[in-house]
Amino acid sequence: MKLPPKDDPHGNQEGSLPRLLVLQVLKAFDVQVDDLGNHLYLFSASDEVESQKLPEMVGGLMIRRLATKFAIRIVDFYWDETGQRRYKPH
């Protein structure tokens, strides 16, 4: 069993993605995204509404939270429908 790194025990840094990609995935799954300025966004879908400030690299914990809130499979943030990775870290 692989132990998580001491400086990132919850996979927040390891699972991070660029903000633009996270917003694109949310929009692709019918989440309305309104830019309120200063990296603050209003997300809404059906009866769920939430505002969040997103940094340039969105951490894995926030991605998991958004996935759960808007009923999006977590893998859809990382892999597209053809099985290709959406983001390849350098």
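**Close-up views of a predicted model**

**View 1. A nonpolar surface patch made by I74, V75 and W79.** Together these three residues of the predicted model expose about 240 Å² of accessible area in a nonpolar patch on the surface. W79 sits in the segment after helix 3 (75-78). Its relative accessibility is 38%, so W79 counts as partly exposed.

**View 2. The salt bridge between R19 and E56.** This pair belongs to a structure that holds five salt bridges. The closest N and O atoms of R19 and E56 are 3.0 Å apart. Distant parts of the chain are linked here: R19 is in helix 1 (residues 19-28), while E56 is in the loop between strand 4 (48-53) and strand 5 (57-58), 37 residues apart. R19 counts as buried at 10% relative accessibility, whereas E56 is exposed, with a relative accessible area of 55%.

**View 3. The salt bridge between E50 and K69.** The closest N and O atoms of E50 and K69 are 3.5 Å apart. Because E50 lies in strand 4 and K69 in helix 2 (residues 60-69), the pair ties together parts that are 19 residues apart in sequence. E50 counts as buried, at 7% relative accessibility; K69, at 29%, counts as partly exposed.

**View 4. The salt bridge between R73 and D76.** The side chains of R73 and D76 meet at 3.0 Å, N to O. R73 is exposed, with a relative accessible area of 55%, and D76 counts as buried at 10% relative accessibility.

Key. Residues are numbered from 1 along each chain as its sequence is written. This is a predicted model: local features need pLDDT of at least 70, side-chain atom pairs count only at pLDDT 80 or more; totals for chains, interfaces and linings use all residues. Side-chain values use heavy atoms; hydrogens and water are left out. Patches are made of residues with over 30% relative accessible area and no salt bridge: like charges are joined within 9 Å, nonpolar side chains (Val, Leu, Ile, Met, Phe, Trp, Tyr) within 5 Å. Accessible areas come from the Shrake-Rupley method with a 1.4 Å probe; for residues, only the protein chains shown count as cover. A salt bridge is a side-chain nitrogen of Lys or Arg within 4 Å of a carboxyl oxygen of Asp or Glu. Helices (H or I, at least four residues) and strands (E, at least two) are DSSP runs, numbered from the N terminus. Buried means under 20% relative accessible area, exposed over 50%, partly exposed in between (1.4 Å probe, protein chains only).
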